[in-house]
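Reader: Hey, can you walk me through this one? I'd like to go bit by bit.
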Amino acid sequence: MQSIQYWKGKFEFSITVPERRLIRLPHFLHWNFILGFILFFVGAFINIKSDDILINLRKPGETDYKIPKRFLFRYISCPNHFGEMLEWFGFMLMVWNLAGV
């Protein structure tokens, strides 16, 4: 029984208290889940806002070429794709396994 607890402690995030009991934190309190959650929603905001700018760039009936100059379009050429990448990177951090990669 001692060896099973030893290996479980090696592969799970745990805190050892003075009485030698292990307190396991729920998955949603780990650093990777919190950071992934934040990155996911920041990426979603960037993606939705950039798509909205692109959709409303031309008025109905216009056919001329326009370049967006607001929001993150000032700094990068495709902030909607950047936001999408942030979303998936945040998802990868939240699930923290090979399937998320």
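Author: Helices (H or I, at least four residues) and strands (E, at least two) are DSSP runs, numbered from the N terminus. This is a predicted model, where local features need pLDDT of at least 70, side-chain atom pairs count only at pLDDT 80 or more, and totals for chains, interfaces and linings use all residues. Residues are numbered from 1 along each chain as its sequence is written, and side-chain values use heavy atoms, with hydrogens and water left out.

Reader: Is arginine 70 buried or exposed?
Author: Arginine 70 is exposed, with a relative accessible area of 53%. Buried means under 20% relative accessible area, exposed over 50%, and partly exposed in between (1.4 Å probe, protein chains only).

Reader: How far is arginine 70 from serine 50?
Author: Their C-alpha atoms are separated by 9.0 Å, and the two residues are 20 apart along the chain.

Reader: OK, new topic. What's the overall pattern of the chain?
Author: Along the sequence you get α-β-β-α-α, with three helices and two strands. Of the 101 residues, 22% count as buried.

Reader: What about asparagine 80, where does that lie?
Author: Asparagine 80 is in helix 3, and it is buried at 13% relative accessible area. Its side chain makes a polar contact of 3.4 Å with the side chain of aspartate 51. A polar contact is a pair of N or O atoms within 3.5 Å; within protein, one must be able to donate a hydrogen and the other to accept it, and residues adjacent in sequence count only if both atoms are side-chain atoms.

Reader: And which residues does asparagine 80 touch?
Author: Not counting residues up to four places away in sequence, asparagine 80 touches Asn47, Ser50, Asp51 and Leu54. Contact means heavy atoms within 4.5 Å.

Reader: How many salt bridges are there?
Author: The count is one. A salt bridge is a side-chain nitrogen of Lys or Arg within 4 Å of a carboxyl oxygen of Asp or Glu. Here glutamate 62 and lysine 66 form it, at 3.1 Å from N to O. Glutamate 62 is partly exposed at 31%, and lysine 66 is partly exposed at 31%.

Reader: So what's up with glutamate 87?
Author: Glutamate 87 lies in helix 3. It is buried yet has no salt bridge, and the nearest side chain of opposite charge, lysine 49, is 15 Å away. For charge, Lys and Arg count as positive and Asp and Glu as negative, while His and the chain ends are not counted.

Reader: Where does lysine 49 lie, then?
Author: Lysine 49 lies over the face of phenylalanine 71, at 5.8 Å from the ring centre. The rule is that NZ of Lys or CZ of Arg is within 6 Å of the ring centre and within 35 degrees of the ring normal.

Reader: Last one: how many aromatic pairs does the structure hold?
Author: Six. Rings of Phe, Tyr and Trp (its six-membered ring) pair if their centres lie within 6.5 Å; planes under 30 degrees apart count as stacked, over 60 as edge-to-face and the rest as tilted. The rings of tryptophan 31 and tryptophan 96 have centres 5.3 Å apart and planes at 75°, so that pair is edge-to-face. Tryptophan 31 lies in helix 2 and tryptophan 96 in the segment after helix 3, so the pair ties together parts 65 residues apart in sequence.
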